[in-house]
Amino acid sequence: MPEKTYLQAISDGLRQEMHRDERVFVLGEDVGVYGGAFKVTVGLLEEFGPWRVIDAPLSEIAIVGGATGSALMGLRPIAELQFSDFVSCAWDQLVTVAAKQHFRAGTPVPMVLRLPSGGGFSGGPFHSQSPESAFTHVPGLKVVCPATPHDAKGLLATAVDDPNPVLYFEHKHLYRRIKGEVPDERYTIPFGKARIERAGDDVTLVTWGAMVYTAAEAADELQAGGVSVEIIDLRTLQPWDKQAVLESVAKTSKLLILHEDTRTSGFGAEIAAQVVEEAFEQLDAPIRRVAAPDTPIPFSPQLEKAYIPQVEDVASALRELAAY
Amino acid sequence: MATQTQIEVVMPQMGVSVSEGTIVKWLKREGQRVLADEPLLEISTDKVDTEVPSPGDGILGSIVTLEGETVAVGTTIALITTGGEAPAEQESESTTTAPIPPASPEPVAALPADRAFVSPVVARIAAEHSVDLERVSGSGHGGRVTKKDVLAHIAAATTPVAAANEPLPAPVTSAPSSGDRLEPMSQMRRSIAEHMRRSLDTAAHATTVFEVDMSNVVAIRARLKPEFLERHAVRLTYLAFVARATVEALRNWPWLNAEIRGQEIVTHSYINLCIAVAVDGGKGLVVPAIRNAEGLNLLGMARAIQDVAERARSKQLTPEDVQGGTFTITNPGGHGSIVGTPIINQPQVAILDTEALVKRPVVISDEKGVDAISVRPIMNLCLSFDHRLIDGAYAVQFMAEIRRSLESWGEERY
């Protein structure tokens, strides 16, 4: 099986979907001639032509509105926002129109919104956010956060098949850093089905996106001390695999939730609440969250490092939980 | 205040293997003056119920552990303020400046307050498996009992035999119906329950019954009884004769004065003879041991039995009294019982049961072989033995010797 970067896996997925289904098209700022801000769409314009690879004006609301309209009319748009931070510009189209359409009129909105997210490269407050949690709060939207190249391609295919608006958060920091085996043929990965990154007995660590790698490094440190950590990569937040988390908590009785998004009202809060509601009698320790503080993301590399959860932060929280 | 100090009263260590005790009754109230060595409270442990003397002179400042509560050995259960007329306020330095109270050989600092925190999962598991969390040692934060601790405790408490044969007790699902009385098991009751169950799970119990003609013993007892009482203040009982005969027979059948340790047989060089004593009107049982019973004559045996029985009933036994037994005699015959199948007192391998002395018609053969029916005082002796170690032939020969010994008891024998 060929090894691909996370970015290549997304590129390949896009190309495959466009070959497979001529209703699929991409649109976004600089996705055509320039090949996308991160070069995910390089070559698509040459291959599929300007009707299916559309350079959009610099207006997120126009991109999301256009995608919503074309989805309503039966196409399968895959829209790219250069940075997920700018999705706020399209909030109304996304939350008020796209998310509600099926409930109001019974018409599906099969669109995919690609949202490069996450920090770790001194992108500062406008180019580093992880706003996935906010959209889990909007009924009608699906939220996907792949961590591996394999999942990135498989979840993209599922997103294209899905009749609902899907927010596909691709982590910028993983684009070229992470490589993994990716099948050439098309495959789908079901939404709401977590991936066990590693099995363990002592503490459950639930996370997604780039934090899966931070979690794995921290778990390695704990393993050296004889504590085995079970890492659950949720892969999708809406829907999320509650069953997998509950099963793991029944085994370990200790839960740590790790996310790059800010702490308050982050999706970790939802996970914690549901676990307490449904598995209170399984718990042997308070549920812990490791997340970013409730401030914008700083530019300074030192400050950014202090802001984004690091391996040491996670290892220390895991140790405390294990010893509780 | 400078002249006042506080003495911690801690739950004493009543025997090596005792880890906790229950407060039965406080004999003093808060604010009352107490003198050193004056009885301060009554406690109940796995092994004995006893009074705890005050570790010093002073005012009973505060009672930390209330009646009915069970705490670990070494836990502070009260504070006594010395050197002042009135109880001092509870200063925080009291725990660090307290002198070592004489009542506790190994005083331990009070456990952290959060020792008692029970997490939801631990509470659930403890309830499902009827685990007393006070008996589980905690490895978690501040000594908290973790899920792993309670699971390990359950795993350790469940012997392979029990695990195979006996499903775990089902959780209590219904409240007792109206009119039923619900009461917590006393420490002693729990201890007996655990011990009996464990013994049946451990030993391969078999019981043999012997009829013993006690005519000679009855006659000799009738003669010696007033003398023992007048000269020694000792009541001579049939039990003393049986105990004497048993101790002598044990010398010839040493495996009955033994125990199984793993794959090995330990045969004891001494006989610590345990006597089962009913207390609390039959709602409790203690089994004190008579040390080196092989060295006692009839008078000594009768005196020793009387001593441990009296001290057992008045709760004056010491931890040493109930440890280290090597063979047990139980004596339920006083109420007319004629046959019993007693449960072995672990880690011993046999227990002898003396039943009621009953007059019965028996067939007696004279020297010429002529049979006649005679009325004789007959006592049944029942021996439960651990068939893992003791075979039937061994057990019945031991019993036959006891019978011979009792039936041929001579005037000259003490």
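Analyst: Let us begin with a single residue of this predicted model. A:Ser253 is buried, because 26 other C-beta atoms lie within 10 Å, and the cut-off for buried is 20 or more.

User: Where in chain A is A:Ser253 placed?

Analyst: A:Ser253 belongs to the loop between α8 and β13 of chain A. Its phi is positive, about 65°, although A:Ser253 is not a glycine.

User: Which residue of chain B, other than glycine, also has a positive phi?

Analyst: One such residue is B:Asp280, with phi near 50°. B:Asp280 is found in the loop between β13 (277-279) and β14 (284-286) of chain B.

User: Why does B:Asp280 count as partly exposed?

Analyst: The count of neighbours decides. B:Asp280 has 14 C-beta neighbours inside 10 Å and therefore counts as partly exposed, since that class lies between 12 or fewer for exposed and 20 or more for buried.

User: Let us return to the helix before A:Ser253. Which residues of helix α8 of chain A are buried?

Analyst: Helix α8 (residues 242-252) of chain A has the buried residues A:Ala244, A:Val245, A:Ser248, A:Val249 and A:Thr252. Viewed down the axis of α8(A), these residues fall within an arc of 130°, so they line one face of the helix.

User: What do the buried residues of α8(A) pack against?

Analyst: Their partners in chain A are the strands β10 (203-207), β11 (229-233) and β13 (255-262), together with helix α9 (267-279).

User: Which peptide bonds are cis, and where do their prolines lie?

Analyst: There is one to examine in each chain. In chain A, a cis peptide bond joins A:Gln238 and A:Pro239, with omega about 5°; A:Pro239 is in the loop between β12 (236-238) and α8. In chain B, the bond from B:Gln346 to B:Pro347 is cis, with omega near 5°; B:Pro347 lies in the loop between β16 (327-330) and β17 (350-365).

User: How is the packing of two helices described?

Analyst: Two packed helices are described by the angle between their axes and by the distance between those axes. In chain A, helix α1 (residues 6-20) and helix α6 (residues 149-161) pack at about 30°, with axes 8 Å apart. α1(A) is therefore roughly parallel to α6(A), as angles under 35 degrees are classed in that way. The crossing of α1(A) past α6(A) is right-handed.

User: Which residues make the contact of α1(A) with α6(A)?

Analyst: From α1(A) come A:Tyr6, A:Ala9, A:Ile10, A:Asp12, A:Gly13 and A:Glu17. From α6(A) come A:Pro149, A:Ala152, A:Lys153, A:Leu156, A:Ala157 and A:Val160.

User: How many residues does each chain give to the contact between chain A and chain B?

Analyst: Nine residues come from chain B and nine residues from chain A. On the side of chain B that touches chain A, helix α2 (residues 120-128) of chain B gives the most, with four residues. That side of chain B divides into three nonpolar, four polar and two charged residues.

User: How many helices and strands has chain B, and what share of its residues is buried?

Analyst: Chain B has nine helices and 18 strands, and 35% of its 414 residues count as buried. Among contacts in chain B between residues at least 6 apart in sequence, 67% join residues at least 24 apart.

Notes
Residues are numbered from 1 along each chain as its sequence is written. Chains are lettered from A and ligands numbered from 1 in the order in which they are written. This is a predicted model: local features need pLDDT of at least 70, side-chain atom pairs count only at pLDDT 80 or more; totals for chains, interfaces and linings use all residues. Axes are lines fitted to C-alpha atoms, for helices over the stretch in contact, and angles run from 0 to 180 degrees between N-to-C directions. Helices (H or I, at least four residues) and strands (E, at least two) are DSSP runs, numbered from the N terminus. Angles under 35 degrees count as roughly parallel, over 145 as roughly antiparallel, 65 to 115 as roughly perpendicular and the rest as oblique. A crossing is left-handed if the near helix is turned anticlockwise from the far one by less than a right angle, and right-handed if clockwise. Two residues are in contact if their C-beta atoms, placed from the backbone, lie within 7 Å. Ala, Val, Leu, Ile, Met, Phe, Trp, Tyr, Cys and Pro count as nonpolar, Asp, Glu, Lys and Arg as charged, and the others, Gly among them, as polar. The arc is that of the directions from the helix axis to the C-beta atoms.
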